[in-house]
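Please look over the sequence and the structure shown here.

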Amino acid sequence: MFVTGFPADAFGTNCYVVATAPGEQCVVVDPGIGVIDRLDAVLAEHRLHPAAVLLTHGHLDHTFSVTPVCGARGITAYIHPADRELLADPTKAINSIDPRALLGGLEWSEPDEVAPMTDGEIIKLAGLEITVDHAPGHTKGSVMFRLPDQEQEICLSGDVLFAGSVGRVDLPGGSMQEMMVSLRDKVLTLDDETVVLPGHGPATTIGRERAANPYLRQVMEAHS
């Protein structure tokens, strides 16, 4: 499997590209703010051809470039139904930031083709089999994507799990109670060797987070 990524210009949101190998079809995960040029360069360097865009949730820093990425190639965007309204109107998730500042004066439009994802679904795209884990807490429709690799599983965790932390729960649709349930049922059930590629910040592993992440430790202590 081939996985590469880079942080967006704003908020350091990680945009990932996943394929079976260079020179093949790929999926793009969370194309955020100002990523078009760098994404095009990555695709050209590795001779990759996007088959779809996968969104871990509907926040604008993860979805900003979804429409131009999809529109330029006639491909579908996938998002959980609970966050579908945020793809139609991303300002619904913003309570403290002027949406005009984020949009930079641009008129927002959603992709022509949008498909839903369900918990436990295995999406088959670009030769990949991607398992969807619905993990609300950061938003109602937050998901993680799991991809089996030859040696260790890869989890694209969006804003559910970070190295040393978890996603914020104080924006519209957020819930600490739901986050704790997601950590218990969706994160702590993964193998320690699972590589975590989060929506912000560096990669980590489930084992590392199980040992040191204060939120995971809190969940484990509550259910010990």
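In which strand does Phe 145 lie? Phe 145 is part of strand 9, where helices (H or I, at least four residues) and strands (E, at least two) are DSSP runs numbered from the N terminus. This is a predicted model, in which local features need pLDDT of at least 70 and side-chain atom pairs count only at pLDDT 80 or more, while totals for chains, interfaces and linings use all residues. Residues are numbered from 1 along each chain as its sequence is written, and side-chain values use heavy atoms, with hydrogens and water left out.

Phe 145 has a relative accessible area of 0% and therefore counts as buried; buried means under 20% relative accessible area, exposed over 50%, and partly exposed in between (1.4 Å probe, protein chains only). Setting aside residues up to four places away in sequence, Phe 145 touches Val 29, Leu 54, Leu 55, Thr 56, Met 117, Ile 130, Thr 131, Val 132, Ile 154, Cys 155 and Leu 156, a contact being heavy atoms within 4.5 Å. Gly 174 is 29 residues from Phe 145 along the chain, and their C-alpha atoms are separated by 19 Å.

The rest of strand 9 is covered as well: five of its five residues are buried. Val 143, Phe 145 and Leu 147 are on one side, and Met 144 and Arg 146 are on the other.

Strand 9 has partners in a sheet. Two strands pair if DSSP finds at least two bridges between them. Strand 8 (residues 128-134) pairs with strand 9 in the antiparallel sense over four bridges, and Val 132 has Phe 145 as its bridge partner. Strand 10 (residues 154-158) also pairs with strand 9 (residues 143-147) in the antiparallel sense, over three bridges, with Leu 156 opposite Phe 145. The open sheet has six strands in the order 7-8-9-10-13-14, and its pairing is mixed. At its edges are strand 7 (122-125) and strand 14 (204-205), each of which pairs on one side only.

Next come the nonpolar cores, each a set of buried Ala, Val, Leu, Ile, Met, Phe, Trp, Tyr and Cys residues joined through side-chain atoms within 4.5 Å. The largest has 27 residues, of which Val 17, Leu 39, Leu 48, Val 53 and Val 66 touch the most other members. Two or more residues of this core come from each of strand 1 (2-7), strand 2 (14-19), strand 3 (25-29), helix 1 (36-45), helix 3 (66-71) and strand 5 (76-79). Apart from it lies another core, of 21 residues, including Leu 54, Val 132, Val 143 and Ile 154.

How many cavities of 30 Å³ or more are there? The count is one, a cavity being a set of points on a 1 Å grid over the protein atoms alone where a 1.4 Å probe fits but cannot get out, with lining residues having an atom within 4 Å of a point. The volume of the largest cavity is about 30 Å³, taken as the space filled by probe spheres set on the points, which are joined across faces, edges and corners. Its lining includes Asn 14, Tyr 16, Asp 30, Leu 156 and Gly 158. Strand 2, strand 10 and strand 13 (195-198) each give two or more residues to that lining.

Finally, Arg 217 is found in helix 8 (residues 214-222). Arg 217 is partly exposed, at 39% relative accessibility. Beyond its neighbours within four places in sequence, Arg 217 is in contact with Arg 210, Ala 211 and Ala 212.

Terms used:
1 Å grid on protein atoms, 1.4 Å probe; cavity = no way out; pocket = protein on both sides within 12 Å on 5 of 7 lines; lining within 4 Å.
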